[in-house]
Amino acid sequence: MSNHFVASLETALASLVGRADRGDDGQSKPTVVLVHGAFADASGWEPVAARLHRRGFPVIAVPNPLRGLAYDTAYLQGLLAGVEGPKILVGHSYAGAVISNAALAVADVTALVFVAAFVPDEGEALGGLLEAHADASVPSLPQQVFQFTRPDGSTGTEVWLDHARFGTAFAADVDAATAAYLAISQRPVAAEAFGEAATAAGWKTVPSWALVATKDNAIAPSLERFMAERAGATVTEVDSSHAVMLSHPDAVADLVEQAHRGTR
């Protein structure tokens with residue numbers, strides 16, 4: 001990605017949300033890279049991106065392919081190779097695993113921010129974490145599975161969330177119309193994403209912050225809390241559903257600001 005392309009993205013966002021200012025000390029702020037998780041797309045970051053831009057942060061909300069941890073990690077690393085300067089990586093849900101897996105191979109990552117996210121250790125798979133930390137108070141995700149044939153004749157498996165129950169599972173505190181649209185516009189995730197083990201744990205080296213959504217019905221809050229505390233992250237808890245970037249965008253933007261102030 002060229003610097004010209006990054007600048008064009010920032011200009012486009014500025015036209016929507018107003019001029020971005022420099023930090024309190026007059027210095028440029030790091031680029032905040034927002035990475036969405038499974039059953040979502042980059043548009044879900046819009047309220048957070050707008051707030052961060054008004055605070056003076058360059059922002060990129062990247063498309064996560066959702067093809068599996070190794071694939072998505074390589075994609076993110078390649079995309080960020082052309083973004084110069086310090087970067088804060090922010091991952092929601094499944095993307096927490098992606099940013100942690102990718103961070104050590106990306107230049108100038110100053111902080112990791114996990115938003116209602118997985119924070120696996122090396123050798124851990126997300127499915128294994130869900131099984132090992134099952135919480136009876138959190139219902140099973142209403143998943144639907146379908147298969148498709150690839151051009152080479154092999155079979156792939158995709159996972160969706162049931163449209164009728166998407167709101168309860170993913171966005172219980174988001175207005176009904178928005179939650180309904182999120183359900184029908186969701187992007188499926190490759191089934192192997194939950195079985196691939198992390199090959200790196202960026203949080204062991206990079207300072208980390210984490211938001212625990214205490215009313216999350218997609219990842220048990222107790223699991224979010226366990227992973228965040230194990231990572232030594234600075235933890236904030238918010239009374240929110242899994243879709244905290246939509247229902248509590250100020251809290252997410254505040255956490256990114258904390259990460260910036262804690263590492264500059």
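Where is histidine 242 found? Histidine 242 lies in the loop that runs between β9 (234-238) and α9 (244-247). Helices (H or I, at least four residues) and strands (E, at least two) are DSSP runs, numbered from the N terminus.

## Basis of the report

This is a predicted model, in which local features need pLDDT of at least 70 and side-chain atom pairs count only at pLDDT 80 or more, while totals for chains, interfaces and linings use all residues. Residues are numbered from 1 along each chain as its sequence is written, and side-chain values use heavy atoms, with hydrogens and water left out.

Histidine 242 counts as buried because its relative accessibility is 1%. Buried means under 20% relative accessible area, exposed over 50%, and partly exposed in between (1.4 Å probe, protein chains only).

The side chain of histidine 242 makes a polar contact of 2.9 Å with the side chain of serine 93. A polar contact is a pair of N or O atoms within 3.5 Å; within protein, one must be able to donate a hydrogen and the other to accept it, and residues adjacent in sequence count only if both atoms are side-chain atoms. Not counting residues up to four places away in sequence, histidine 242 touches several residues, including His92, Phe170, Asp216 and Glu224. Contact means heavy atoms within 4.5 Å.

## Helix α8

Glu224 is also one of the buried residues of helix α8 (residues 221-230), together with Pro221, Leu223, Met227 and Ala228. These residues are on the same side of α8 because they cover an arc of only 160 degrees around the axis. The arc is that of the directions from the helix axis to the C-beta atoms.

Among the elements that cover the buried residues of α8 are α5 (126-132), β8 (208-213) and β9. Just after α8, glycine 232 has a positive phi of about 70 degrees.

## The sheet β5-β6-β7

Three strands form an open sheet in the order β5-β6-β7, with antiparallel pairing. β5 (143-149) and β7 (189-190) are at the edges with a single partner strand each, so one side of each has no neighbour in the sheet. Two strands pair if DSSP finds at least two bridges between them; two bridges join β6 (residues 155-161) to β7. Valine 159 stands opposite valine 189 in β7.

Strand β6 contains glutamate 158, which is buried at a relative accessible area of 8%. The side chain of glutamate 158 reaches the backbone nitrogen of alanine 190 at 3.4 Å. Threonine 155 is also in strand β6, but threonine 155 is partly exposed, with a relative accessible area of 47%.
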